[in-house]
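Thanks for asking me to look this over. Here are my notes, point by point, to read alongside the structure.

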Amino acid sequence: MKIALFATCIVDAMYPQTARATVKILERLGHEVIFPSGQACCGQMHINSGYMDEALPVVANHVQAFEADAYDVAVAPSGSCVASVKHQHPILAERCGDAALKARAEAVGAKTYELSQLLVDVLGVTNAGEQLGSHFPHKVTYHPSCHGMRSLNLGDRQLDLLKSVGGIEVADLPEADQCCGFGGTFSMKNADVSSAMLEDKAKNIESTGASLCSGGDASCLMHIGGGLSRTKSNTTTLHFAEILASTMAEPVSVTGEVFVGKGGKR
Amino acid sequence: MSGVFMGMPSLPVFGDGNLHIDEPFPAAAHRELGNTQMRANLRHATHTIRDKRIKVVGELPDWEELRDAGAATKNQVMANLPALLEEFEKNFTARGGIIHWARDADEANRIVSDLIKEQDTTEVVKVKSMATQEIGLNEYLEEQGISAFETDLAELIVQLGHDKPSHILVPAIHKNRTEVRDIFLAEMPNVDPNLTDEPRLLAMAAREHLRRKFLSAKVAVSGANFALADSGTLAVVESEGNGRMCLTLPETLITVMGIEKLLPAKEDLEVFMQLLPRSSTGERMNPYTSLWTGVTEGDGPQNVHLVMLDNGRTAALADKYGRTALNCIRCSACMNVCPVYERTGGHAYGSTYPGPIGAILSPLLTGIKSEENSSLPYASSLCGACFDACPVKINIPEILVHLRGEDVDSRRGEKKLPSQMDLMMKGAQWAFSSGKNLGLLEKGLPLGKLAAGQDKKIKRLPGIAAGWTQSRDIPAPPSQSFRDWWKKEHQSEATTMKQEK
């Protein structure tokens, strides 16, 4: 299958190893990965902040970069960006009165998947340890991000994949379904409320005794990781794609330069 | 011809009253976040109701279908509102009720006040009503020398405590029982000085206090949960029975209701009487449901009035993306699941309607340009918990985003210096509008490392981004973007392939 990778702006610029892990997993399954070089961002930050006029060229760029006939499916290691592509792009195009863009955006949206969605629903991966050789001998907890959980209805796909990784110990996160408080520019505009939400999330994560908190959205993980780092916590964050990409022969290096905090026992 | 336009005076389009926040939400939230007792009370109460709701909702195999039915009925009501209002008026009037139409808060207050004065009394009892909260009726009546006694227990606590409600269903949610006892001891006449904070004793003290009011009041003021167009019937659902006392004992009953509360027919109650109690209090059924249709000679109130309130509702109805906010049945499920509400409480929203529904309803009713209300649509992380919980499927996150767009658009073209947010969004528009631009920007990533300390963390950012670094670090950016890594990898592949040829 020819799979177009949508790296997302934050992963491209800040967490390249998450995108590399995504490529690794898909290539390990025997698929061809392409990277449409015109891609930049889904425009979610503009849309969710109310800057619709400014969002339009960003959305138009994404639609053009991912014109639906160039690949079989597109994938992104991010629930919220995929939710934006699927749900927000057609709405924005309609709001701006561009019916042609709306139709093209719908076509792109229909072929765009979040990573766990693609792995489970399309590629039939249910046991990462067996099918991907994933091995990660650490205690991990898992935060389901809001847009993956509620806009994409991912259910337990990410969690189940994590649990099937060889050597892993997955600890339940109390109040897992509660928002971490990121919310894009919400974390700047309402920094106090956002911090209060983050504080509770961090406490719940630490109560599990896990050395890592995993999830499927780099932005939420940056927020949670940034808070844990500020309180000098021993726990840090790691995208589930990197855990799936980790094998016995090639264990993921979680002390890389872009990670916040020193992390747990590694 | 005169240059002055002599046509109709302009009508108030938007609503007024207790719908306005006085200071921007972030400032109000900052203050409320500092009240740790309130935060602890709220967390306890919202989590308790949340768990109860999930349990009783889970008992119904057709919950999703019920939500769909509720949403469909309400959408139908909004699409046919003028006709349904006329049908309701005809039936209500035919059964001996009198209808008054109020365009805004001021008109509604005057109508109610005049009706009370006609009865030659200066005391009325009230059953909890969001509409009268919205128009500030109690304060207005006080100015007219009329005392309005709240009879809903929680509303009574708020009134005696000279406080404002913090929740639409549990107005005293921010108070614990010790605080309630202290209010009763200080403010309730003839209360037992040895009153403890045992809930039963608190309820008994309130009961004794209220009984005296019920038996003496000539006029009652109520709200309504539903109005049935096919019969002209009004309905109130409640937990304590105090509402029923108000609805049946006094000679005169004045109901104030928003025009959006209509349901086409009594059969529709089947759906809503399942949706409402489960969503609001986590009960399968509320203890008291009162329905009344006009006047029955010798039984119950003999003067039955209804004030139909617009106060911005037709303006909200005209908003293509926001109109479904009027589907709201005031169950408060969205408040109980909202992480923002849980931490700030209702007072931070500055309106009769707090929480997620308030963050869309208040600006819709008053217009996005009104005072500080434009800060309300941003009072959400867009986590979507409210949409999941809403029994009539109001897509609150989507309406929040729409209103943010309205807010930003309303400021376009103003001859003001662009805000930091405006500049940031313009810059990001450039960066995100092409892969080439973003790639160019990413070449500067190594520079970000300079901003980070030895521990590879950025700990302080300037301007609006300072909010982020008040409680969070940012990792130092990598030396190479994924885009560049990919290019290099595939270039070398291409080179190898060339060499092999």
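**Notes on the two chains**

1. Over residues 3–85 of chain A the chain is 54% helix and 12% strand, with the end C-alpha atoms 16 Å apart. Helices (H or I, at least four residues) and strands (E, at least two) are DSSP runs, numbered from the N terminus. Residues 140–224 of chain A are 48% helix and 12% strand, and their end C-alpha atoms are 14 Å apart. An unreviewed UniProt entry places "domain: Cysteine-rich" at both of these stretches; UniProt positions follow the numbering used here, feature names are shortened, and annotations may be inferred rather than shown by experiment.

2. Please keep in mind that this is a predicted model, in which local features need pLDDT of at least 70, side-chain atom pairs count only at pLDDT 80 or more, and totals for chains, interfaces and linings use all residues. Residues are numbered from 1 along each chain as its sequence is written, chains are lettered from A and ligands numbered from 1 in the order in which they are written, and side-chain values use heavy atoms, leaving out hydrogens and water.

3. How many disulfides are there over all chains? The count is 0, a disulfide being a pair of cysteine sulfur atoms within 2.5 Å. The sulfur of Cys146(A) has its closest cysteine sulfur in Cys179(A), at 3.8 Å, which is too far for a bond. For Cys180(A) the closest is in Cys220(A), at 4.5 Å, again too far. Cys146(A) is buried at 8% relative accessibility, and Cys180(A) is buried at 2%. Buried means under 20% relative accessible area, exposed over 50%, partly exposed in between (1.4 Å probe, protein chains only).

4. Turning to chain B, the unreviewed UniProt annotation "domain: LUD" covers residues 85–295. That span is 44% helix and 19% strand, and its end C-alpha atoms lie 20 Å apart.

5. Strand β6 of chain B (residues 233–238) has 6 of its 6 residues buried. Thr233(B), Ala235(B) and Val237(B) cover one side, and Leu234(B), Val236(B) and Glu238(B) the other. β6(B) pairs in the antiparallel sense with β5(B) (residues 226–228) over 3 bridges and with β9(B) (residues 288–292) over 5 bridges; pairing requires at least two DSSP bridges. Phe226(B) stands opposite Ala235(B), and Val237(B) opposite Thr289(B).

6. The largest nonpolar core has 141 residues, and those with the most contacts inside it include Phe226(B), Leu234(B) and Ile394(B). Such a core is a set of buried Ala, Val, Leu, Ile, Met, Phe, Trp, Tyr and Cys residues joined through side-chain atoms within 4.5 Å. A second, separate core of 61 residues includes Phe35(A) and Cys180(A).
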